[in-house]
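The following paragraphs lead the reader through a single protein model, element by element. Please keep the sequence and the three-dimensional view at hand.

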Amino acid sequence: MKEKIEYWLVKLFLGLASIAPKSFVYAFFKSLALLLYYVDGKRRNLTIENLRHAFPDKSEEEIQRLSKDVYVELSKTVAEILLMFVDRFDIDEAIVNRDETIEKLKALKEQSPKGIIAMTAHFSNWELLAHFLAKYGLQMLVIGRKGNNQLIEDNITTPFRRKYGNDTAFKSKAMMSMVKRLKQGNGVGILIDQKAGNQGSVKVDFFGQPAETTLSIATLKEKLDPLVIPFFIARVGEGKYRIIIEDPIEYEGEAEGEEKLAQMTAQYNEVMESVIREYPSQWFWMHNRWRR
């Protein structure tokens with residue numbers, strides 16, 4: 001019964017998003033986010049604590065203001081994802097460097113016979129990024145966590161994520177699926193910014209603190225040698241985004257074995273951190289990344 005109620009609530013939100021003025025959708029989710037900011041003290045305090053550790057040079061006033069901005073930015077992402085679900089958000093119109101990005105994607109496809117690992121994070125509108133990349137030639141097997149509600153997963157989330165040719169795999173069966181995909185010369189998308197379990201992970205620096213990080217990208221790079229390319233999407237205005245495509249990451253150290261994998265993973269975190277520092281309000285700081 002609980003699963004069905006949650007499913008119909010989501011359907012209700014989608015129905016409202018399909019008919020309500022867009023300004024109302026944005027305002028509603030902003031109000032809801034700010035309400036949660038003040039009501040859910042545990043999550044708010046975790047966000048503030050994470051920001052304090054990551055930005056020790058910022059004043060307490062700046063940290064408090066930034067923590068609230070994090071919630072507001074997330075509300076915009078949620079609103080736009082809902083509008084994407086009901087085809088009221090033009091993903092081509094949203095990308096300010098659309099033509100440049102399409103050209104880069106064409107060039108990357110031509111130089112990646114061993115496949116591409118698209119490395120990204122829960123940063124800004126990551127669903128928009130996945131849709132745009134797939135629409136213009138980089139269809140990926142996207143690795144994620146299975147939703148708690150099977151009705152929502154099967155009937156809403158999965159069809160949405162497959163709209164432009166992406167496919168999904170859950171973490172429990174991810175490695176074999178990724179190997180198969182890369183051996184075919186295709187793309188894999190991995191978000192590496194959430195806390196990982198002890199198995200198949202390593203503690204490496206992230207914002208000056210050790211963070212348990214998955215070894216999956218480094219392992220696949222070592223075994224199959226695909227291109228590892230950081231992709232991010234940054235909000236640069238109301239409903240406007242810039243897609244960031246970093247150079248492929250190649251390891252140039254001399255370590256071997258587990259130490260090499262750890263150093264490779266540290267490189268990936270370093271690139272991700274540099275982008276988040278440029279747009280700090282757009283990352284998911286309310287996640288318990290450092291297991292405090």
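Strand E2, helix H8 (residues 150-161) and strand E3 form a β-α-β unit that is right-handed, a crossover being so called if, with the strands pointing away from the viewer, the path from the first strand over the helix to the second runs clockwise. Helices (H or I, at least four residues) and strands (E, at least two) are DSSP runs, numbered from the N terminus. The model is a predicted one, in which local features need pLDDT of at least 70 and side-chain atom pairs count only at pLDDT 80 or more, whereas totals for chains, interfaces and linings use all residues. Residues are numbered from 1 along each chain as its sequence is written, and side-chain values use heavy atoms, with hydrogens and water left out.

The two strands of this unit, E2 (residues 140-144) and E3 (residues 167-170), run parallel and are joined by four bridges; strands are said to pair if DSSP finds at least two bridges between them.

Contact here means heavy atoms within 4.5 Å.

In the segment after H11 is Ser281. Ser281 counts as buried because its relative accessibility is 16%; buried means under 20% relative accessible area, exposed over 50%, and partly exposed in between (1.4 Å probe, protein chains only). Apart from neighbours within four places in sequence, Ser281 is in contact with Leu66, Asp69, Val70 and Glu73.

Attention now turns to the packing between helices. The axes of helix H1 (residues 2-19) and helix H4 (residues 60-85) come within 9 Å and cross at roughly 85°. H1 is therefore roughly perpendicular to H4, on a scale where angles under 35 degrees count as roughly parallel, over 145 as roughly antiparallel, 65 to 115 as roughly perpendicular and the rest as oblique. Phe13, Leu14 and Ala17 of H1 make the contact with Leu82, Leu83 and Phe85 of H4. The residues of this contact divide into six nonpolar, no polar and no charged, where Ala, Val, Leu, Ile, Met, Phe, Trp, Tyr, Cys and Pro count as nonpolar, Asp, Glu, Lys and Arg as charged, and the others, Gly among them, as polar.

Phe29, in helix H2 (residues 22-39), is buried, with a relative accessible area of 11%. Its contacts, leaving aside neighbours within four places in sequence, are Phe13, Ser75, Val78, Ala79 and Leu82.

Technical notes. Axes are lines fitted to C-alpha atoms, for helices over the stretch in contact, and angles run from 0 to 180 degrees between N-to-C directions.
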